[in-house]
Amino acid sequence: MQIKINGKKYSAKEKDTVLDVCRREGIRIPTLCSHGKLKREAVCRLCLVEIDKSGRLVTSCATKAVDGMKVETENENIQKARAINLELLWADHAGKCFQCKKNRRCELQTLAEEYKIENFHFVPRKGEMTSGEENELLLDNWSRVVVDRENPVIERDSQYCVECRRCINICPVSSYGFNHRSGDVVVGTPYNQPLDCIFCGACVTHCPTGALADQGDIQKVITDLDDTNILSVAIVDPVVLKSAMQELLEVKNMENLAGNLRALGCEKVFDLSWGFQKYVEAVAEEIHPHHARKKTPVRQRKFISSFCPSAALYIQKYFPELIKNIIDVKRPEELMAEAVKWEYAKREKIDPKNIRVILISSCAARKKLKSNAIDHIVTVRELGRIAREKKTENIRFKGSAADKFLDETDAEYATTYGYGNLSAMTAKKIKGDFSIGAANGVLEIKNALSAELKREKHYDFLEVMVCPRGCERGGGQSAEI
Ligand code: FES
């Protein structure tokens with residue numbers, strides 16, 4: 001089928017919406033509620049387009065392409081309507097950006113700037129209300145605001161929420177939903193209880209504003225970075241690079257990233273690959289003896305990787321009978337941070353008390369880990385905030401690769417990992433006739449574990465990761481736009 005967009009012909013597939021065709025063809029349409037393959041909610045009404053020169057504006061995200069359809073994506077009418085819808089959303093936000101954790105990385109803020117939303121027709125002006133009315137309005141607004149800082153990984157502040165529903169549609173364990181009824185419906189958690197989830201952070205990467213953000217205080221990290229009596233050691237997960245390039249605009253490779261980290265105040269920059277290698281060796285060691293007892297009942301075998309903290313939590317919550325099957329070895333970052341604090345400190349004759357280990361992580365759930373050796377866990381988003389605070393986000397610092405750590409890491413571990421790579425490396429390490437599998441995403445994990453429980457499948461080792469493409473799309477990475 002063919003449709004005409006702005007006078008040019010394009011082919012469309014059967015289930016395509018107008019927005020799908022435009023995105024595929026690189027025709028930009030502003031959107032806020034629609035995101036990638038998530039369910040289309042059509043609530044923000046920013047993606048308006050005109051159909052068949054009728055003057056009728058429709059949401060392109062919810063309008064199916066029909067053969068012969070004529071679509072216009074830009075004209076005065078469309079611009080005006082989009083701007084009004086945007087202004088309605090922006091009216092709630094104006095003046096709040098300064099203290100927002102997503103300031104300068106907020107999709108609504110970017111659109112408001114693009115559409116030059118400066119007039120506030122929907123906000124009462126000075127003198128239009130009595131002070132009593134103003135107080136009442138403010139109290140009413142605040143009575144609906146939910147600020148939840150109880151979750152160790154994710155912070156919620158509903159005053160920034162634009163009700164786009166992306167969090168509802170992306171959460172793999174359905175922790176979000178609607179509260180209240182009719183015109184008062186708001187996105188939140190069941191009965192407005194503290195967020196109870198598996199901390200994967202997907203909601204934060206998908207939230208277009210600062211309604212969902214990283215828990216934690218970057219000022220503490222900055223204080224340590226600036227303290228000249230402290231040796232700040234960054235441990236960098238190499239999988240953060242692509243995302244770091246979004247936050248630190250002049251970073252083009254690992255060397256630049258190491259250079260930028262040094263400029264922020266990290267005296268040493270180590271690559272987490274060392275920890276990954278030690279982790280794989282420990283896992284191989286752990287599962288090896290069990291191979292001889294292949295017929296051992298599932299309940300007595302350790303076969304599930306503990307690499308992904310969210311997956312371990314998912315199993316705790318939904319497959320509690322399999323908790324004891326999780327391989328009990330320390331995670332790469334714990335192994336490496338401990339080595340920094342004890343072995344490296346000893347070799348360099350530094351008092352471990354004067355070392356701060358800062359993990360730069362692609363994973364939001366890692367924030368939940370309690371480790372005596374890791375002082376700060378910083379997501380890529382937070383790394384961007386630190387750089388913006390220190391005004392280094394737009395500078396390319398020439399740097400050499402990461403510093404040399406204790407013993408050399410085998411080159412094969414120095415690649416991007418986290419997407420079936422753990423199982424591949426483990427398979428290499430233990431060799432022989434092992435049944436090794438990988439499950440990425442909650443659905444795959446559920447299917448693999450159920451099959452194992454029903455004895456339809458046997459795994460000697462199963463890599464489980466909650467993020468659909470492993471750490472590469474981890475919940476600590478930069479916003480998914
Ligand atoms: S993107 Fe279409 S209504 Fe929000």
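View 1. In α13, the buried residues are V380, R381, E382, L383, G384, R385, I386 and A387. Here a residue is called buried if 20 or more other C-beta atoms lie within 10 Å of its own, exposed if 12 or fewer, and partly exposed in between, with C-beta atoms placed from the backbone. Helices (H or I, at least four residues) and strands (E, at least two) are DSSP runs, numbered from the N terminus. Please keep in mind that this is a predicted model: local features need pLDDT of at least 70, side-chain atom pairs count only at pLDDT 80 or more, and totals for chains, interfaces and linings use all residues. Residues are numbered from 1 along each chain as its sequence is written. Helix α13 (residues 380-389) is largely enclosed by the rest of the structure because 8 of its 10 residues are buried. The cover over those buried residues includes β10 (212-214), α7 (218-226), α8 (241-247), α9 (254-264), β13 (355-361) and β14 (376-379). After α13 comes K391, with a positive phi near 55 degrees.

View 2. Strand β11 (residues 231-236) is mostly covered, with 6 of its 6 residues buried. L231, V233 and I235 point one way from the strand, while S232, A234 and V236 point the other way. Two strands count as paired if DSSP finds at least two bridges between them. β11 runs parallel to β13, joined by 6 bridges, and A234 has I358 of β13 as its bridge partner. β11 also runs parallel to strand β12 (residues 268-271), here through 4 bridges, and V233 has K268 of β12 as its bridge partner.

View 3. What does V233 touch beyond its neighbours within four places in sequence? The list is C266, K268, F270, V340, I355, R356, V357 and I358, where contact means that the C-beta atoms, placed from the backbone, lie within 7 Å. The largest nonpolar core has 125 residues, and V233, I235 and V357 touch the most other members. Such a core is a set of buried Ala, Val, Leu, Ile, Met, Phe, Trp, Tyr and Cys residues joined through C-beta atoms within 7 Å. As a general reminder, nonpolar side chains tend to be buried together in soluble globular proteins.

View 4. 5 strands form an open sheet with mixed pairing, in the order β2-β1-β5-β3-β4. β2 (8-11) and β4 (57-59) are the edge strands, each with a single partner strand, so one side of each is left without a neighbour in the sheet. From one strand to the next, the twist averages 40 degrees; axes are lines fitted to C-alpha atoms, for helices over the stretch in contact, and angles run from 0 to 180 degrees between N-to-C directions. Strand β1 (residues 2-5) pairs with β2 in the antiparallel sense over 4 bridges, with K9 in β2 as the bridge partner of K4. Helix α2 (residues 76-91) packs on the sheet and touches β3 (48-51) and β4, its direction making about 150 degrees with that of β3.

**View 5. The three-stranded sheet.** An open antiparallel sheet is built from 3 strands in the order β6-β7-β10. Its edge strands are β6 (147-148) and β10, each pairing on one side only. Between β6 and strand β7 (residues 154-157) there are 2 bridges in the antiparallel sense, and V147 stands opposite D157 in β7.

**View 6. C197 in its loop.** C197 sits in the loop between β9 (186-188) and α6 (202-206). Is this cysteine, C197, buried or exposed? C197 counts as buried because it has 24 C-beta neighbours inside 10 Å. Not counting residues up to four places away in sequence, C197 touches C171, V173 and S175. C22 is 175 residues from C197 along the chain, and their C-alpha atoms are separated by 35 Å.

View 7. The automatic or database assignment behind the domain bounds gives domain 3 (218-275 + 331-413) and domain 4 (290-329 + 416-473), among others. The C-alpha centres of domain 3 and domain 4 lie 28 Å apart, and their contact takes 11 residues from domain 3 and 10 residues from domain 4. In helix α14 (residues 421-430), N421, L422, S423, M425 and T426 are buried. Just after α14, K431 has a positive phi of about 50 degrees.

Definitions and conventions:
Two residues are in contact if their C-beta atoms, placed from the backbone, lie within 7 Å.
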